[in-house]
Amino acid sequence: MTDHAHLADTFQGFATQQAAGKSPLYATLSRAVTRTPEILDLAAGTQPGQPAPNMLLAAIHHILRRGVQHPLAAFFTGHEELDEDHADALLTDFCQRHAGDIARIISTRSVQTNEVNRCAVLLPAFAALQQQLDDNRPIRIVDVGASAGLNLLWDRYTYDYDGHRLSLPSSDPDTVLSCEIKGGTPPLSLDVTRFVRPVGIELNPVDVTDTEATEWLVSLTWPEQTTRMRTLNSVLALAARTPPTILAGRAEDHLADVLAQTPADQHVCLVFSWSIYQIFGSPGGRERLLDTLADLSQHRPLHEISIGHFGHDTPRVIMASHHGGVSRSDVVAHCDVYGTWLDWVARPAARPSA
């Protein structure tokens, strides 16, 4: 039996804490769900561990994006603003008509967003890492929790930092990631040729050549985020031509093998972009990660770049080194969840300190 009170609280929390100020439509629809037991029963079919509000709303978005005709569609395209008085009836009617499709989607799929604009935050961290590792040895990026692996293709994008256009040798001029610099001087100069054989690890990789899978990724974006949606479509088209390499399975099942198969003359940098808690659990995810990396670093030195909240309201960028079981780390930047702004707090060319 569905715990209506608990699930209603989840949707109310989503409306006030996540959607408020970012997606008026999703805030309104989430409040409508709290008042509709029938839809709460439907939302209860979400897979364990998956956020019911994100899944239900993405499923509705997914169905509408396929061209289904319904009065609710106009509000997802931004042509009209949905008011509370009509939300309940419209949402109930849509869910009744498409209950089977919604149930199938939320019971088989998961939230696997791949926020590619975070590459605008990762690039300065990669540049800082290269400055620290001044021995000219190759650097291998291992993206843990890679989703579709779009962040592995960071060298294919063009970057715009406050009007400063940064193009790399393989940059696509039509795929531009924009980031505002709110403070500091992030390093932006790097030798892309030093970064070799990037690989991702993902429990359920998204195949960028599978239209159904990539359409779901796009449906997970919120309707008002039109720029983000256009960028994602552009990046997915780019990735489909040169798919990234992703290993399917749990991180703990692949990390040791990836490290063993990486030549000793290459540096290894593990990247975690909001994936630590998904992989190592929360609370205490970062502590468990540090224990894992301490064990792995007994065999070879490791470097780490992690982005997440780490108990703070504003996300942090952490750079760390792990060698012989000893870990040293530092916060080098603050950033936006979507990578739209960056505040670089590290001193130029500073090495991570305890």
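## Notes on a predicted model

1. Left-handed is the crossing that helix 1 makes as it passes helix 2. A crossing is called left-handed if the near helix is turned anticlockwise from the far one by less than a right angle, and right-handed if clockwise. Helices here are DSSP runs (H or I, at least four residues), strands are DSSP runs too (E, at least two), and the numbering starts at the N terminus.

2. A word on the ground rules. This is a predicted model, in which local features need a pLDDT of at least 70 and side-chain atom pairs count only at pLDDT 80 or more, while totals for chains, interfaces and linings use all residues. Residues are numbered from 1 along each chain as its sequence is written, and side-chain values use heavy atoms, with hydrogens and water left out.

3. How confident is the predictor? The chain averages a pLDDT (confidence in each residue, from 0 to 100) of 92, and 95% of the residues score at least 70. Over residues 350–354, however, the pLDDT is below 50; this stretch has 13 contacts (heavy atoms within 4.5 Å) in the model beyond near neighbours in sequence.

4. Back to the first pair. Two packed helices are described by the angle between their axes and the distance between the axes. Axes are lines fitted to C-alpha atoms, for helices over the stretch in contact, and angles run from 0 to 180 degrees between N-to-C directions. For helix 1 (residues 4–19) and helix 2 (residues 24–34), the axes come within 8 Å and cross at roughly 160 degrees. The two helices are therefore roughly antiparallel to each other (angles over 145 degrees; under 35 is roughly parallel, 65 to 115 roughly perpendicular and the rest oblique).

5. Which residues make this contact? From helix 1 come A8, F11, Q12, F14, A15 and A19, and they meet P24, Y26, A27, S30, R31, V33 and T34 of helix 2. Sorted by class, the contact has 9 nonpolar, 3 polar and 1 charged residues. Ala, Val, Leu, Ile, Met, Phe, Trp, Tyr, Cys and Pro count as nonpolar, Asp, Glu, Lys and Arg as charged, and the others, Gly among them, as polar.

6. Helix 1 has these buried residues (under 20% relative accessible area; exposed is over 50% and partly exposed in between, with a 1.4 Å probe and protein chains only): L7, A8, F11, G13, F14, A15 and A19. Their cover includes helix 2, helix 3 (37–43) and helix 4 (52–65). After helix 1 comes G21, with a positive phi near 80 degrees.

7. Now look at helix 9 (residues 211–219) and helix 10 (residues 226–241), whose axes come within 10 Å and cross at roughly 160 degrees. That makes helix 9 roughly antiparallel to helix 10, and the crossing is right-handed. T214, L217 and V218 of helix 9 touch M229, L232, N233 and L236 of helix 10. In this contact, 5 residues are nonpolar, 2 are polar and none is charged.

8. Helix 10 also holds A239, which is buried at a relative accessible area of 0%. Apart from neighbours within four places in sequence, A239 contacts L150, L153, V208 and P244. L150 lies 89 residues away along the chain, yet the two C-alpha atoms are separated by 7.0 Å.

9. Finally, two loop residues. S147, not a glycine, has a positive phi of about 55 degrees; this residue sits between strand 1 (139–144) and strand 2 (158–161). D162, also not a glycine, has a positive phi near 55 degrees and lies between strand 2 and strand 3 (164–166). Buried or partly exposed? S147 is buried, at 5% relative accessible area, whereas D162 is partly exposed, at 49%.

Definitions and conventions
pLDDT is the predictor's confidence in each residue, from 0 to 100.
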